[in-house]
Amino acid sequence: MTATIHSLLVANRGEIACRIFRTCRALGIATVAVYSDADAGALHVREADTAVRLPGAAPSDTYLRGDLVVAAALAAGADAVHPGYGFLSENAGFAAAVQDAGLVWVGPPVKAIELMASKTRAKELMAAAGVPLLAPVDPSAATAEDLPLLLKAAAGGGGRGMRIVRELGDLPGELTAAAAEALSAFGDGEVFAEPYVERGRHVEVQVMADDHEGVWALGTRDCSLQRRHQKVIEEAPAPGLTGALRDRLHDAATAAARAVGYRGAGTVEFLVAADGRPYFLEMNTRLQVEHPVTEAVFGLDLVALQLCIAEGEPLPAAEPPTPTGHAVEARLYAEDPARDWQPQTGALLSFDMPDEPGLRLDTGYTGGDTIGVHYDPMLAKVIAHAPTRTEAVRLLARALERARIHGPVTNRELLVRSLRHPDFVAARLDTGFYDRHLAALTTEADESGRRLAATAAALAEAARRTATGGVARFGAWRNVASQPRLRRYRGEPDGREHDITYRTTRGGLALEPGMRVVAARPDRVTLETGGVTRHFAVATGDDRVYVDTATGSYAFTALPRFTDPTDRTEPGSLLAPMPGTVVRLADGLAAGAAVEAGQPLIWLEAMKMEHRILAPASGTLTALHAAPGLQVEVGALLAVVTDAQEEPTA
């Protein structure tokens with residue numbers, strides 16, 4: 001089949017839609033976006049040549065409605081559809097509907113999607129093709145010797161429906177929970193079990209195949225750093241693999257692609273045990289989030305290759321280009337890693353990344369956009385490419401450190417610390433990295449730096465009140481002082497309070513001994529302390545003060561200003577930590593029920609992730625306001641638990 005694509009609809013949103021549009025512009029292809037009501041002003045809509053509204057906000061009413069997407073393509077005059085990743089990208093019915101409508105499908109054959117859609121069926125097919133596998137475990141017959149087990153949704157990915165079971169008594173409950181989450185996320189509650197490999201590495205191979213029997217295995221990627229079974233940092237090539245293991249992975253990936261008659265971009269994922277033995281996990285029949293690291297080391301545009309293959313063209317050569325250098329990608333999320341990865345929402349006031357050679361930014365946001373509650377909280381992917389792994393990691397960490405991101409809390413600091421952690425630097429990688437290191441990586445250690453930043457915030461505010469537009473220069477603290485002035489700030493998100501005292505003198509503003517104000521204006525402060533001069537960029541917005549330095553960024557709320565919702569509620573109140581939808585309650589949960597400290601009571605879904613609301617103490621549930629399907633705002637009262645120690649006795 002040969003076809004020429006003139007206009008392409010991307011059946012997706014956010015950064016992947018913007019990334020595909022970028023290639024289309026370079027190839028002279030017109031672009032069509034689809035958007036929900038929640039995305040009416042989104043970057044992918046602004047960048048597209050044409051956009052078609054999908055009425056509603058929930059994914060089930062919009063981006064998951066294949067019939068509406070096909071109708072949008074026809075209405076806009078598109079002649080091809082690219083699914084991106086997520087949503088309908090691995091939906092065989094949607095792929096068939098696109099082709100039935102006479103449109104070019106920029107993806108693999110429908111049969112290949114069907115064969116790989118169920119992880120259980122895919123494993124059977126891979127076993128026949130000689131691809132190494134973990135032996136499945138029948139949950140109903142599992143014994144203590146089979147532990148630990150990993151439960152996985154047969155029809156899904158992205159960490160949804162996955163549970164690690166270490167105690168046999170937990171297996172029934174975890175099976176029920178995994179099945180419920182899988183049904184909610186994918187419309188299929190099938191769950192299977194397999195051995196959980198401790199300290200295994202997640203290594204994958206990018207494949208690209210055409211309709212002319214050509215198959216490329218484009219190196220390896222390591223995606224071991226994960227939170228909730230979702231990738232956070234990825235790199236290519238996977239470090240520390242022997243040549244024999246690399247060849248085995250390439251051969252297995254090629255065999256997997258040929259076994260299903262694959263076409264287009266796909267990824268074969270493996271778990272590599274500590275002893276170096278690889279096991280097939282799944283084949284993703286789509287473009288992966290982490291594809292930029294492969295593009296960087298091979299000098300390719302994988303989306304351009306997808307489009308050429310969809311038009312019927314063969315791969316450019318029998319063998320792929322020779323890879324060069326090393327690439328690392330970090331996923332920047334609007335979430336708080338220190339608080340169970342809670343997604344964050346609100347206005348993204350500023351979003352500026354350094355523009356340096358070797359850096360790439362894939363994003364669906366710009367400063368001024370709003371991060372909503374309906375979709376994944378990923379803001380961007382930041383990619384660094386350099387001749388060596390050491391250089392690439394250093395470049396990426398520094399770029400993240402220098403970025404200016406004002407608005408909701410992000411995982412930026414966690415990414416920087418992860419990239420500089422001794423285990424990551426030494427390529428001691430496995431999927432348990434955050435299980436072991438998260439507490440240390442999210443502990444606030446730079447107290448002096450945070451206090452200096454709070455001081456800069458106070459001085460910038462003083463300059464705002466008195467400046468006439470020019471830069472105010474101040475002398476040393478020793479000048480004759482007036483009465484001290486106090487400003488109080490609460491650090492975000494750690495909640496620590498900082499009392500900053502300064503005096504107004506004839507020479508300007510003065511601080512504590514050993515600290516000198518070199519210059520201060522509303523947007524920039526320069527301090528000298530311990531003989532070292534430091535610069536602070538200060539911005540205000542969304543009731544916060546943002547201070548950016550050469551080595552980190554800080555956010556503060558001036559006090560007193562707002563009270564925490566917990567200050568207005570009775571003890572034991574369970575409040576919604578973010579906007580979302582109640583998806584289920586603990587079995588038998590009702591007012592009057594006895595609960596144990598730490599017991600999961602309510603499951604809240606927000607931004608494609610489930611969050612458990614736990615009992616704060618052992619006692620009695622004295623009020624229950626949550627019910628499945630209820631949509632709640634942040635701070636909404638869900639339930640009240642009366643501590644057993646506070647309950648009246650007869």
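Gly28, which follows helix H1, has a positive phi, near 75°. The model in which this residue is seen is a predicted one. Helix H1 itself covers residues 14–27, 14 residues in number. From its first C-alpha to its last, H1 reaches 21 Å, close to the 20 Å expected at 1.5 Å a residue. Ten of the 14 residues of H1 are buried, so the helix is largely enclosed by the rest of the structure. Among these buried residues are Ile16, Ala17, Ile20 and Phe21, and the list also includes the charged residues Glu15 and Arg19.

Four strands form an open sheet, in the order S36-S35-S33-S38, and their pairing is antiparallel. The edge strands are S36 (609–614) and S38 (631–632), each of which pairs on one side only. Strand S33, residues 580–585, pairs with S38 in the antiparallel sense over two bridges. Within this part of the sheet, Thr581 stands opposite Gln631 in S38.

Side-chain contacts form the next topic. Side chains of opposite charge can pair when their charged atoms come close. The structure holds 45 salt bridges, and one of them joins Glu413 to Arg417, with the closest N and O atoms 3.0 Å apart. Glu413 and Arg417 lie four residues apart in helix H12 (residues 412–419), and are therefore separated by about one helical turn. An α-helix has 3.6 residues a turn, so residues three or four places apart point the same way. Glu413 counts as partly exposed because its relative accessibility is 37%.

A second salt bridge brings together the side chains of Asp494 and Arg450, at 3.5 Å from N to O. This pair links distant parts of the chain, 44 residues apart: Asp494 belongs to the loop between strand S24 (485–492) and strand S25 (497–505), whereas Arg450 belongs to helix H15 (residues 447–466).

Arg521 is partly exposed at 30% relative accessibility, and Asp523 is partly exposed at 41%. Elsewhere, salt bridges that share partners join Glu204, Arg221, Lys231, Glu234, Glu269, Glu290 and Arg331 into one network.

Definitions and conventions. Residues are numbered from 1 along each chain as its sequence is written. This is a predicted model: local features need pLDDT of at least 70, side-chain atom pairs count only at pLDDT 80 or more; totals for chains, interfaces and linings use all residues. Side-chain values use heavy atoms; hydrogens and water are left out. Two strands pair if DSSP finds at least two bridges between them. The expected span of a helix is 1.5 Å times one less than its number of residues. Buried means under 20% relative accessible area, exposed over 50%, partly exposed in between (1.4 Å probe, protein chains only). A salt bridge is a side-chain nitrogen of Lys or Arg within 4 Å of a carboxyl oxygen of Asp or Glu.
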